[in-house]
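This report describes selected side-chain pairings and one surface feature of a protein model. Please examine the sequence and the structure shown here before reading on.

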Amino acid sequence: MPFTQCVINETLRVANIISGVFRRTVTDVNIKGYTIPKGWKVFASFRAVHLDHDHFKDARTFNPWRWKNNNLGTSCSGNFYTPFGGGPRLCPGYELARVEISVFLHHLVTQFSWVPAEEDKLVFFPTTRTQKRFPINLQRRR
């Protein structure tokens, strides 16, 4: 199910449940001429990076094919794909989450059909969602 993993990667990139994480600076940090003093808390925004056109071409477009030629399935360009965090604080359940998402998608695609109930568009703030919320009609396949 390699393409399913591409869909999962893109879904987590565009509409991650966690928008970011708080971290405390361990030393003074200088970013673009601004100094963040040691001990201050900063918010590392996954969404800001995942939807940045400098890191992902057409960042606000759902395009699972962008992951097709990625052998690791973790990054399009550099180390900018972090839906489960990274380093020593990487989510310990990320593999289980991927398995659960894969099983859910398998059942959704094989047992149901769906059509948009009405035209809608994606909204990216404060979270990624459809503007009218749930504009899909689901029908169980027989």
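## Basis of the description

Helices (H or I, at least four residues) and strands (E, at least two) are DSSP runs, numbered from the N terminus. The model is predicted, so local features need pLDDT of at least 70 and side-chain atom pairs count only at pLDDT 80 or more, whereas totals for chains, interfaces and linings use all residues. Residues are numbered from 1 along each chain as its sequence is written, and side-chain values use heavy atoms, with hydrogens and water left out.

## Salt bridges

Side chains of opposite charge can pair when their charged atoms come close. A salt bridge is defined here as a side-chain nitrogen of Lys or Arg within 4 Å of a carboxyl oxygen of Asp or Glu. The structure holds two salt bridges.

One of them joins the side chains of R13 and E10, with an N to O distance of 2.8 Å. Both residues belong to helix α1 (residues 2–14), where a spacing of three residues separates them by about one helical turn. R13 is buried (under 20% relative accessible area; exposed means over 50% and partly exposed lies in between, with a 1.4 Å probe and protein chains only), its relative accessible area being 1%.

E10 also forms a salt bridge with R66, and the closest N and O atoms are 3.0 Å apart. This pair links distant parts of the chain, since R66 lies in the loop between α2 (46–50) and α3 (94–111) and E10 in helix α1, 56 residues apart. R66 is buried, with a relative accessible area of 17%. Through shared partners, the salt bridges join E10, R13 and R66 into one network.

## Surroundings of E10

E10, located in helix α1, is buried, with a relative accessible area of 0%. Leaving aside residues up to four places away in sequence, E10 touches T61, F62, N63, P64, R66 and W67, where contact means heavy atoms within 4.5 Å.

## Nonpolar surface patch

V109, W114, I136 and L138 form a nonpolar patch on the surface, and together they have about 390 Å² of accessible area. Patches are made of residues with over 30% relative accessible area and no salt bridge; like charges are joined within 9 Å, and nonpolar side chains (Val, Leu, Ile, Met, Phe, Trp, Tyr) within 5 Å. Accessible areas come from the Shrake-Rupley method with a 1.4 Å probe, and for residues only the protein chains shown count as cover.

Within this patch, I136 is in strand β8 (residues 136–140). I136 is exposed, with a relative accessible area of 51%.
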